[in-house]
Amino acid sequence: MAIDHFSFEHQASCSHTLARAGIFHTPHGPVHTPRFMPVGTLANVKTVTPAQLHDAGAQMVLANTYHLHLQPGEDLVAEAGGLHQFMGWDGPILTDSGGFQVFSLSKIRTIAEEGVTFRSPRDGRIIHMPPEASIRIQNQLGADVIMAFDECPPYPADREAVAAATQRTYRWLKRCIEAHQRSDQALFGIVQGGVHLDLRRAAAEQLVGLDLPGYAIGGVSVGEPPELIEKIVQATTPLLPPDKPRYLMGVGTYREMAQAIAAGMYLFDCVLP
C-alpha cells in the first residue's frame with residue numbers, strides 16, 4: 001500500500017554521538033525530532049487542553065486503541081470525524097495497538113496464535129482482539145501513525161517464551177499489513193526480543209525487510225533495570241533505518257531519553273508526566 005504524505009527529512013547529526021535531528025512529515029503537520037509525545041489514553045491528555053499542549057510545545061500526541069475500544073468505542077469516534085475532531089487536536093496523533101495491554105492485563109487475558117482474548121475490566125464482557133481487529137479499530141480512529149499488534153513479553157521471562165513472543169509478533173505484523181486499509185495512516189512495526197540482543201537483532205532484520213514507514217522498539221521499561229534498557233536501545237537502534245522514524249515506546253525519563261537520543265532514537269512517549 002502506498003503511504004501518502006509521510007516522509008522523514010534529516011537535518012543534522014551530532015559529531016560526538018549517533019544523535020540526529022530531523023522532521024517527520026505527516027498529514028497533520030511536521031514533527032521535529034527528537035520529540036517527546038504526551039500520552040492521551042482516552043483521546044485527552046489529562047488536565048491539559050489542546051491549546052495548552054500547543055503552548056507547551058507538543059507536536060504529536062498518543063491515544064490508546066484498547067481503552068478507546070472499551071469507551072466510547074471506535075464507531076462513535078469515527079462518527080465524530082475521527083480522533084482529531086473528537087479531541088480537538090489538529091496536530092499528528094499516534095495510536096498504540098493495544099499490544100501493551102497484552103502485557104499489563106496479564107491476569108485477565110489469554111494469548112493464542114489467532115489473537116488475544118480479554119475480560120473487560122469495565123463490565124466483565126469477553127473481548128477478542130486479533131491483529132486484524134486492532135488495525136480495523138485504528139483505521140476507524142484515524143490517527144496519523146498506527147502501531148502493529150504485538151506481544152510484549154514481561155521481564156523476567158525465560159528465553160524460550162521471549163523467542164516465541166517475538167516470532168508471534170512478526171507473524172501478527174504481517175497480518176496487520178494485510179488488514180491495513182488506509183494510505184493516509186503509517187503502520188509502524190515493533191521490535192521485540194526482551195533482553196536478548198540476538199533476538200532483537202533477528203527481529204529488527206525481519207522488520208526492516210518489510211520496508212515499513214517507521215519502526216519502534218517495544219518491550220522495554222517493563223520491569224528490567226535501567227542499565228538493561230540502555231543496552232537494548234544502544235544495540236537495537238543502529239539496526240533500524242536512519243531515514244525513517246525510530247520510536248522508543250514507553251520511555252520518558254530525562255536520563256533514558258538522553259541516552260536513547262544519543263543512540264539515534266527519534267520519538268518517545270510515557271505516562272510519567
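1. A polar contact here is a pair of N or O atoms within 3.5 Å; within protein, one must be able to donate a hydrogen and the other to accept it, and residues adjacent in sequence count only if both atoms are side-chain atoms. In this predicted model, a polar atom of the Asp-269 side chain lies 2.8 Å from the backbone nitrogen of Gly-250.

2. Basis. This is a predicted model: local features need pLDDT of at least 70, side-chain atom pairs count only at pLDDT 80 or more, and totals for chains, interfaces and linings use all residues. Residues are numbered from 1 along each chain as its sequence is written, and side-chain values use heavy atoms, with hydrogens and water left out.

3. Asp-269 sits in strand β14 (residues 267-270); strands are DSSP runs of E, at least two residues, numbered from the N terminus. Asp-269 has a relative accessible area of 9%, so it is buried (under 20%, 1.4 Å probe, protein chains only).

4. Contacts of Asp-269 (heavy atoms within 4.5 Å), leaving aside neighbours within four places in sequence, include Phe-36, Leu-62 and the residues Tyr-247, Leu-248, Met-249, Gly-250, Val-251 and Gly-252. Gly-193 is 76 residues from Asp-269 in sequence and 20 Å away, C-alpha to C-alpha.

5. The largest cavity has a volume of about 40 Å³. A cavity is a set of points on a 1 Å grid, over the protein atoms alone, where a 1.4 Å probe fits but cannot get out; lining residues have an atom within 4 Å of a point.

6. Ile-229, Glu-230, Val-233, Gln-234, Glu-256, Gln-259 and Ala-260 line the largest cavity. α9 gives the most, with 4 residues.

Conventions. On a 1 Å grid over the protein atoms alone, a cavity is a set of points where a 1.4 Å probe fits but cannot get out, and a pocket is an open set with protein on both sides within 12 Å along at least five of seven lines; lining residues have an atom within 4 Å of a point. Grid points are joined across faces, edges and corners, and a volume is the space filled by probe spheres set on the points. Buried means under 20% relative accessible area, exposed over 50%, partly exposed in between (1.4 Å probe, protein chains only).
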